Amino acid sequence: MSIWMRWWIAGLLCVLAVMHPAPTGAQDKAIRFAELGYGDRTARGIDAVLDYYFPIPTGLRPASDGQLMLRFSHSPLLRPDRSTISVALNGRSLASARLTPENAADGILVVPLPVAGFRGPGLFVQVQIHMRLTNDACEEVQNPALWTVVSGDSTLQLDLQPVTEGTLADLAALFAPLPLSAPVTRLPPALVLSPATDPATLAAAGMVAFAVGQWAALAGQDPVVTISNTPPDREPAIVVALGPLPDGDWGQVRWNGSGYEVDGQSIPAEYGLLALAPTAPPRLLVAGATPTALNYAAQALTASLPAAPVLAVTQPPPAPITAAWRSGAASFAQLGIGQRRVAGMGEHQIDYAFERPPGWDVRVGATLELHIVAASGLLPDRSWVAVAVNGIAIGSQRLRVETNEVERYRFELPADLLNSDLAGTPQRRIDLQVRLYLDLPNIGCEEVDTSAAWAVIEPTSAWRLPSNQADSDDLGRFPAALMGETSARLVLPAQPTAEEIQAGLELAAAMGRWSAFPDTLPPILVTAEAIGDNRNGPLAILGDRNRNVLATSLNTATNNPFVYQPGRGASATLRIVPSPWQGGVRVLVIDAADGVGMRLGVRALRERALLQTLRGAQAQIAGELNATVIPLTPPLAAPPPTLAPQIEVALLERIPAWQIVGGTLLIALLATAALVIRIRWLRKQ
């Protein structure tokens with residue numbers, strides 16, 4: 001081949017590359033339905049609807065439109081001129097196709113999804129299928145040849161990108177950790193303490209880390225924080241400042257030498273300040289000219305904030321009036337679940353996930369009450385609702401459809417399934433599956449309007465879980481031992497190192513992550529030298545007896561239990577012990593020789609995978625990369641009898657054979673003696 005021909009081919013390839021560019025990274029992020037929890041699903045009957053819900057993780061938003069590629073197969077007997085498949089997104093119809101012999105074995109329907117800029121919690125997709133076998137006006141609705149399968153190999157393609165700008169109302173989206181499925185990674189927020197070891201700054205930083213944990217809970221992720229001496233250029237940062245501002249661009253905010261100014265207007269010294277700097281990655285300022293003002297600003301992060309870049313905080317936020325779970329009950333609305341509506345004939349499935357307070361032992365009498373509004377035209381004897389909790393079927397009831405008003409459906413819950421699993425690990429999650437079957441009357445050969453079949457699960461639906469306070473001497477119930485009427489104090493060693501301060505902040509973030517009560521008081525980070533003689537209330541002590549003077553007052557073993565594993569240098573022992581300073585109060589001890597060990601101990605409480613292995617009052621964690629948790633005491637929670645049945649042995653089988661023989665002989669002997677005595681008595685008469 002001549003050199004001119006080679007140059008001509010190379011030029012042609014360049015032109016083709018410009019005309020048909022390679023797919024972008026977002027276009028390659030097609031995820032199978034099976035990976036999202038939906039396998040092959042079959043629709044049956046004349047009209048059927050398959051429901052799919054795809055949540056959008058906190059911290060991500062669609063940057064452009066997406067695409068749904070539906071793979072399906074169907075009965076080859078369907079009439080192609082009367083059978084269709086359609087897709088609707090959040091109630092909006094988007095695309096349809098006929099069910100023909102050509103796509104009976106492997107049909108594909110590509111649906112563009114107009115989701116650019118969508119800010120909702122998730123996408124509700126409905127696949128609506130109409131199937132006919134004949135042209136007759138009167139169709140056999142239960143004919144088994146009426147079927148269509150939507151494959152788990154169908155894909156959802158979304159260009160989800162991290163939220164990088166917003167207001168104070170968007171702090172969770174700006175700083176929450178992203179899931180592993182996210183197209184990019186987000187570095188954890190770096191906490192900058194200025195000045196680094198001031199008691200007021202440490203206390204406020206603990207509250208900030210607690211808020212970071214709450215944001216991670218909204219995202220369903222493990223919280224991570226780091227510390228830095230100065231605001232990093234390419235990482236999200238939260239600056240906790242008492243007095244002068246660290247160097248950097250803070251937009252409207254200035255320090256005038258004695259106080260803060262916003263747009264040239266002075267802020268009173270007793271007011272705290274929250275501000276988002278006009279930078280990317282995001283940078284949050286939590287500041288105050290006095291310790292009290294800084295405290296106000298830090299506490300405000302646990303409350304709802306306005307959609308503004310700057311906020312002056314004049315007082316601590318009020319406690320939530322409708323705090324979920326506090327009275328032993330919680331509505332779906334309190335738990336962040338809105339109204340869910342399904343439409344179309346056939347079966348619909350809705351999945352929910354909740355986190356329950358870990359410090360409860362649920363008693364007999366627990367119930368789930370669903371508030372449902374259903375169309376009055378449904379067939380009452382063929383329309384029903386069924387419930388499963390944690391994978392266990394609870395029951396089903398017929399839908400009451402006499403009116404379009406809210407009807408209440410109460411389901412009794414087995415309390416033992418809500419308390420622990422077979423390993424004795426306390427339950428933290430309640431996975432709820434609600435199935436609704438909607439059927440319309442088909443009188444004679446009349447056409448049926450399938451849109452008349454609908455039902456709504458209202459956010460007033462509620463869990464009612466009467467409970468007792470569980471034994472708090474259980475690491476698996478963290479942070480139950482640290483929750484009380486006053487804020488828990490996390491006690492660092494005197495003159496803590498940067499690694500030890502980070503361990504304390506990570507423990508505060510773990511408390512925010514796993515506190516199911518939205519009105520939990522944020523913890524206070526203090527040092528052993530600053531805590532003084534007031535050691536009442538819930539405490540967490542970080543460090544061994546050589547590093548933390550408070551550890552010397554605890555009634556713990558002088559030698560840490562140790563499981564030798566070669567090559568694993570870092571280790572920590574976690575204990576819950578009675579407080580020597582106040583009766584009825586427990587102290588969490590993270591016994592470690594240095595900051596690396598303290599952070600390792602906190603990791604067992606911060607990460608879900610490790611926390612689920614904790615049980616009992618004492619455990620050890622070893623290893624840095626592949627950490628291993630070793631429980632050192634038996635579990636305190638009893639496994640559920642429902643999942644661990646026992647064989648009931650008959651009474652006769654429980655008594656050894658020799659005892660039966662001996663008992664029989666004894667009875668015979670006593671009967672003989674009684675008979676002899678009676679005969680002698682009769683002779684004397």
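The model is predicted: local features need pLDDT of at least 70, side-chain atom pairs count only at pLDDT 80 or more, and totals for chains, interfaces and linings use all residues. Residues are numbered from 1 along each chain as its sequence is written, and side-chain values use heavy atoms, without hydrogens and water.

**The sheet.** Select the open sheet of 7 strands, ordered E35-E34-E36-E38-E37-E39-E40, with mixed pairing. Strands are DSSP runs of at least two residues (E), helices of at least four (H or I), both numbered from the N terminus; two strands pair if DSSP finds at least two bridges between them. At the edges, E35 (524–527) and E40 (628–631) each pair on one side only. From one strand to the next, the twist averages 20°.

**Inside the sheet.** Now pick E36 (residues 539–542) and E38 (residues 586–591), which run parallel and are joined by 4 bridges. Ile541 has Val589 in E38 as its bridge partner.

**The packed helices.** Show H5 (residues 498–514), which packs on the sheet and touches E34 (489–492), E35, E36 and E38. Contact means heavy atoms within 4.5 Å. The direction of H5 makes about 165° with that of E34; axes are lines fitted to C-alpha atoms, for helices over the stretch in contact, and angles run from 0 to 180 degrees between N-to-C directions. Next, H6 (residues 595–606) touches E36, E37 (571–578), E38, E39 (618–622) and E40, its direction making about 65° with that of E37.

**Last stop.** Go to Leu670 in helix H9 (residues 657–684). Leu670 is exposed, at 54% relative accessible area (exposed is over 50%, buried under 20%, partly exposed in between; 1.4 Å probe, protein chains only).
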